[in-house]
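I opened this structure to look up a few points and kept notes as I went. The entries follow in the order I made them.

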Amino acid sequence: MAVEVAGAAGNVAGSVLQPLVFDPLRRLQQGTGGPGEGAVIDDRQRLWVAVDGMGGDHAPGPILEGCLRAVALLPLRIRFVAESDRLQRAVRELGLQDDLDDALARGLIQLVPSGPSVGMQEEATVVRRKRDASINLAMDLVKRGEAMAVYSAGNSGAVMASAIFRLGRLAGIDRPAIGALFPTKDPEQQVLVLDVGANMDCKPEWLLQFALLGSIYSRDVLQVKQPRVGLVNIGEEECKGNDLCLRTFPLLTAEPRLRFAGNCEGRDILSGDFDVVVCDGYTGNVLLKFLESVGGVLLDVLRAELPRGRRGKVGSAFLRSNLVRIKKRLDHAEHGGALLLGVDGICVIGHGSSKALSVLSALRLAHSAASHGVMEDLHALGAVVVD
């Protein structure tokens with residue numbers, strides 16, 4: 001049964017979850033750094049993170065480059081899992097040898113050799129055959145307690161399948177969900193939307209579990225004291241919606257651990273009135289892909305409306321930096337990674353095209369989740385659900 005669930009979920013994730021990326025500390029992406037950026041790091045406070053060095057379209061070079069930046073800026077140590085020969089070639093090509101030698105000498109990075117990796121186009125269940133693949137070895141490091149979190153920009157379906165096989169699901173959680181942070185009209189607030197593609201068809205009990213998972217993540221990692229939870233629907237009234245919504249609404253209303261704020265229409269998702277929004281993976285993925293298009297369309301409209309000639313060029317020059325920031329706020333591909341919630345470990349899934357900056361952002365996210373004790377609260381949630 002576990003093989004069937006992981007295989008089905010993994011294959012779905014692999015086909016629809018690109019890109020699935022977000023970064024709650026978005027100031028890093030905007031070029032303004034973050035709290036304590038540049039401060040001296042106490043090595044005693046560093047946390048180990050396992051990185052799938054072979055995951056991604058450009059791996060392993062840009063993945064390693066992002067890791068080298070991360071250990072210089074964040075209180076992290078990284079166990080970098082990769083095929084030795086391919087890694088050595090990438091290090092030479094990118095001129096990373098000196099930085100890598102320094103990080104190795106200081107104990108900030110440890111290289112872990114792996115077997116043949118999982119290709120971006122392979123079936124998710126290939127992780128069962130390629131036991132020494134980098135993603136599997138990285139998951140094993142978390143399972144054995146040798147890393148606090150795992151990051152991979154590889155085949156999304158394989159990452160999800162490996163997480164289910166190697167880490168297992170949390171007690172009381174039927175299906176893991178993938179969450180993405182959407183921007184809101186408030187630049188300082190984002191809304192966590194889940195599921196965005198891992199489970200096409202859902203049961204009401206699963207949406208309740210997604211709400212609990214998302215609420216804990218929003219509270220612990222995003223520091224929202226009482227996250228407001230919404231249910232994606234076509235109307236605000238309790239009587240609106242399809243069978244799934246009608247059956248889920250009373251479950252969310254009756255759950256004392258949630259601050260359920262009611263139905264959330266499509267126009268309200270980005271309003272700032274909700275901190276967590278739940279839906280089935282089909283709906284969530286449609287929302288995600290729609291949002292991905294908004295930034296580009298908005299820029300095209302603005303370009304078309306700007307005056308022609310010299311006056312238009314001057315206006316464009318003044319607006320350029322503002323337009324770029326707008327696009328970054330709306331474009332998920334500008335950010336680092338999505339958190340896989342519901343597995344027994346912190347797992348961040350990066351976009352397949354991730355390069356150094358995206359890796360750095362995703363590792364910041366992984367550190368934030370690990371350092372805020374989110375897994376302790378998720379384990380406690382599982383114990384309550386089981387009881």
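**Helix 3.** I began with what the buried residues of helix 3 pack against: helix 2 (61-73), strand 2 (76-82), helix 4 (97-105) and strand 3 (109-113). This is a predicted model, so I read every contact as part of a prediction. The buried residues of helix 3 (residues 84-94) are Leu87, Ala90 and Val91. Down the helix axis they fall within an arc of 100°, so they line one face of helix 3. I noted the general rule that an α-helix has 3.6 residues a turn, so residues three or four places apart point the same way. On the face turned away from the buried side I found the exposed residues Asp85, Arg92 and Glu93. Just after helix 3, Gly95 takes a positive phi of about 65°.

**Confidence.** I checked the pLDDT next. The chain averages 85, and 82% of the residues score at least 70. Over residues 11-36 the pLDDT is below 50, yet this stretch has 88 contacts in the model beyond near neighbours in sequence. Where pLDDT is low, the predicted coordinates should not be read in detail, and I left those contacts alone.

**Whole chain.** I counted 12 helices and 11 strands in the secondary structure. Of the 387 residues in the chain, 56% are buried. Among contacts with a separation of 6 or more, 78% are between residues 24 or more positions apart.

**Helix 8.** I then listed the buried residues of helix 8: Leu244, Cys245, Thr248, Phe249 and Leu252. These cover an arc of only 130° around the axis, which puts them on the same side of helix 8. Their cover includes helix 7 (204-220), strand 7 (228-232), strand 8 (259-264) and strand 9 (276-278).

**Gly230.** Strand 7 also holds Gly230. Is Gly230 buried or exposed? Gly230 is buried, with a relative accessible area of 0%. Not counting residues up to four places away in sequence, Gly230 touches Phe260, Gly262, Cys264, Phe274, Val276, Val277 and Val278.

**Cavities.** I found 3 cavities of 30 Å³ or more. The second largest cavity has a volume of about 60 Å³. Its lining includes Asp52, Met54, Gly55, Ser117, Val118 and Ser134. Helix 5 (134-143) and helix 6 (156-167) are the elements that give two or more residues to this lining.

**Backbone exceptions.** Most residues other than glycine have a negative phi, and most peptide bonds are trans. I looked for departures. The peptide bond from Ala59 to Pro60 is cis, with omega near 5°; Pro60 lies in the loop between strand 1 (47-52) and helix 2. The bond from Leu194 to Asp195 is also cis, with omega near 10°, and Asp195 lies in the loop between strand 6 (190-194) and helix 7. Gln223 is not a glycine but has a positive phi of about 65°. I placed Gln223 in the loop between helix 7 and strand 7.

How values were computed
Residues numbered from 1 in each chain as written. Predicted model: local features only at pLDDT ≥ 70, side-chain atom pairs only at ≥ 80, totals over all residues. Heavy atoms only, no water. Buried < 20%, exposed > 50% of the residue type's maximum accessible area, 1.4 Å probe, protein only. Helix = DSSP H or I, 4+ residues; strand = E, 2+ residues; numbered from the N terminus. Arc of directions from axis to C-beta. Contact = heavy atoms within 4.5 Å. pLDDT = per-residue confidence, 0-100. 1 Å grid on protein atoms, 1.4 Å probe; cavity = no way out; pocket = protein on both sides within 12 Å on 5 of 7 lines; lining within 4 Å. Points joined across faces, edges and corners; volume = space filled by probe spheres on them.
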